[in-house]
Amino acid sequence: MSYVILGHCCKDGSCLQVCPQNCIHPAPGEPSFATVEHLYIDPATCIDCSACADACPAQAIKPEAALTETEQVYAQKSSTYFDLLATTRPPRTSTPAIPIALRSSSFRVAVVGAGSAAMYTVRELLQRSTSVQITVYEQSPHLGGLLRTAVSPDHRGIRQMMRLFDIPFADPRVQTRFDTRVGVEVTMEFLRSRYDAVVLAYGAARPREITAPAAADVHQAIDALTSAHAAHAAGSGPIRLVAGPTVMIIGGGNVAFDVAMSIAKQRILTQSGAPITRVVIVARSPASRPSFTFSALYELSQHDVDIAVDTGGTPISDVAADPLVRRLAAIARDGGALARSAPLSVELVFGREVIALTTADGGIRLRTEQVAAGGRVRLTTVAAEDLSADSVIMASGFVCEPMPGVPLGADGAVHNHQGRVVSPVSGETVEGLYVVGWAKRGGRGGVGENRRCAAQTVNMMVADRGAI
Ligand SMILES: Cc1cc2nc3c(=O)[nH]c(=O)nc-3n(C[C@H](O)[C@H](O)[C@H](O)COP(=O)(O)OP(=O)(O)OC[C@H]3O[C@@H](n4cnc5c(N)ncnc54)[C@H](O)[C@@H]3O)c2cc1C
Ligand code: SF4
Ligand code: SF4
């Protein structure tokens with residue numbers, strides 16, 4: 001499936017800056033940019049990462065599967081545009097123009113972490129300076145971070161982004177020190193004294209904590225998915241993980257859907273080796289503003305799964321502007337009561353905040369409260385509600401590991417302004433310290449978003465130094 005740009009695109013170019021594939025055209029500077037009515041996505045190279053749709057201020061980008069009948073014409077227009085382009089001009093070069101900073105004497109940069117945010121940062125620095133010297137410190141023996149371990153093998157296009165590491169990490173200006181954990185093997189103090197700038201690209205893979213009784217069968221989504229993906233890649237079959245066939249996934253983002261997908265594909269089984277038959281995804285967000293993407297729901301619905309939606313009393317409209325909300329409204333209307341004919345049922349329970357987790361009847365009981373559609377205020381008029389399951393998988397957000405000398409904000413991300421690390425106490429910028437990727441955004445956004453994120457951070461470095 002590809003993404004498609006609709007006619008009300010205003011050509012502001014926000015999508016171009018986040019697309020990891022450079023598959024949106026024409027870009028500013030390309031011949032037909034001034035004359036086309038809207039931009040196009042090349043269906044042959046789009047990897048369905050959704051970064052452009054998230055970045056589009058006009059909500060003019062949709063997954064192909066979400067197009068209405070009248071919008072199908074835009075998918076056809078895209079194909080025609082790229083077919084014509086292939087016959088009329090040499091291979092495209094589409095990297096948006098970036099300001100090249102003036103060269104100065106050698107600029108020494110330490111990058112903490114070697115995930116996708118680090119890769120985009122290294123690439124950006126190399127493009128802007130011939131004299132930069134970069135040392136990347138990575139705690140594991142591998143490049144790639146979560147892109148290598150946690151991203152589903154079914155998202156082949158995204159996984160293929162690992163090839164983007166090849167060129168920057170082979171550059172003679174870049175050295176990588178593997179198996180080196182900053183904060184343990186080397187200190188931040190050491191890095192700050194040795195380098196002109198330190199860029200924190202160490203991610204935010206630590207799950208938010210929830211208090212659970214020791215006896216409760218609770219798992220972390222990243223651990224479960226990393227094990228399931230590794231076992232799948234090694235051909236060693238499914239993993240036996242949870243205590244029983246009913247699993248509650250706490251968290252309503254794409255990671256929760258990745259877990260549900262792995263269960264639907266029977267890559268995660270019960271400890272006895274039996275399939276999981278019921279999954280309940282408990283989302284804090286209201287059904288009118290879901291935190292997962294259309295693609296996540298679409299992929300799940302391609303499997304033999306009964307899907308039900310519980311909006312928690314919040315009305316959603318099947319003429320809503322957001323195609324995902326329309327799809328949820330249609331499921332709530334047509335399939336609200338589960339048919340229970342498929343081997344797996346997945347219930348999407350919206351607008352619930354888990355406030356306590358206890359053991360009961362050999363399983364787990366979750367005390368939840370409904371959350372008002374506004375998202376912050378709890379509805380006091382609605383009684384608390386108990387949900388029960390054999391096991392819980394936590395997918396409710398991620399925060400940074402604490403690191404000496406690195407200030408964290410209330411959202412669990414490194415406290416920063418546009419990539420410059422800022423002291424939460426004095427409000428002043430910490431000179432020479434920068435942040436990028438999930439460490440900057442607090443566990444939000446996909447791999448493609450790291451591209452624009454890295455460009456912003458490097459812009460700050462250039463502005464602070466005058467030249468790199
Ligand atoms: C389960 C899951 C599935 C996902 N699926 C998708 C998807 O399908 N599509 C998509 O676009 N996005 C997906 N994402 C989001 C994507 O993984 C993130 O956008 C991306 O990984 C963030 O990149 P990063 O470089 O900031 O962090 P990371 O990828 O986490 O990289 C951080 C790196 O820093 C290293 N590190 C950490 N601490 C230290 C230290 N102290 N010293 C040295 N090194 C350190 C880590 O080992 C790691 O290599 C998924 C995320 C999760 C959790
Ligand atoms: S971000 Fe949206 S409005 Fe802007 S150029 Fe891309 S498709 Fe058009
Ligand atoms: S950002 Fe992602 S979804 Fe959008 S066009 Fe590029 S590859 Fe496709």
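Predicted model: local features only at pLDDT ≥ 70, side-chain atom pairs only at ≥ 80, totals over all residues.
Residues are numbered from 1 along each chain as its sequence is written, chains are lettered from A and ligands numbered from 1 in the order in which they are written, and side-chain values use heavy atoms, with hydrogens and water left out.

User: How many residues surround ligand 1?
Analyst: A residue is counted if one of its heavy atoms lies within 4 Å of the ligand. The closest are Glu-138, Leu-146, His-155, Trp-438 and Val-447. By class, the shell has 17 nonpolar, 12 polar and three charged residues. The number surrounding ligand 1 is 32.

User: Which residue has a polar side-chain atom 3.2 Å from an oxygen atom of ligand 1?
Analyst: Polar contacts here are pairs of N or O atoms within 3.5 Å. A polar backbone atom of Leu-146 is 2.9 Å from an oxygen atom of ligand 1, and a backbone N or O atom of Gly-446 lies 3.4 Å from an oxygen atom of this ligand. The side-chain contact at 3.2 Å comes from Asn-450.

User: What share of the accessible area of ligand 1 does the protein cover?
Analyst: On its own, ligand 1 has 1,000 Å² of accessible area, by the Shrake-Rupley method with a 1.4 Å probe. The protein covers 92%.

User: Which cavity does ligand 3 sit in?
Analyst: Among the 13 residues around ligand 3, the closest are Cys-19, Cys-46, Cys-49, Ser-50 and Cys-52. A cavity is a set of points, on a 1 Å grid over the protein atoms alone, where a 1.4 Å probe fits but cannot get out; a molecule sits in it if more than half of its atoms lie within 2 Å of its grid points. Ligand 3 sits in the second largest cavity.

User: Which cavity is the space taken by ligand 2?
Analyst: Ligand 2 is surrounded by 13 residues, the closest being Cys-9, Cys-10, Asp-12, Cys-15 and Cys-56. Its shell has nine nonpolar, two polar and two charged residues. The space taken by ligand 2 is the largest cavity.

User: Which residue is joined to His-25 by a cis peptide bond?
Analyst: Most peptide bonds are trans. Here omega is about -10°. The residue joined to His-25 is Pro-26.

Note on methods. Polar contact = N/O pair within 3.5 Å; in protein donor to acceptor, adjacent residues only side chain to side chain. Nonpolar A, V, L, I, M, F, W, Y, C, P; charged D, E, K, R; others polar. 1 Å grid on protein atoms, 1.4 Å probe; cavity = no way out; pocket = protein on both sides within 12 Å on 5 of 7 lines; lining within 4 Å.
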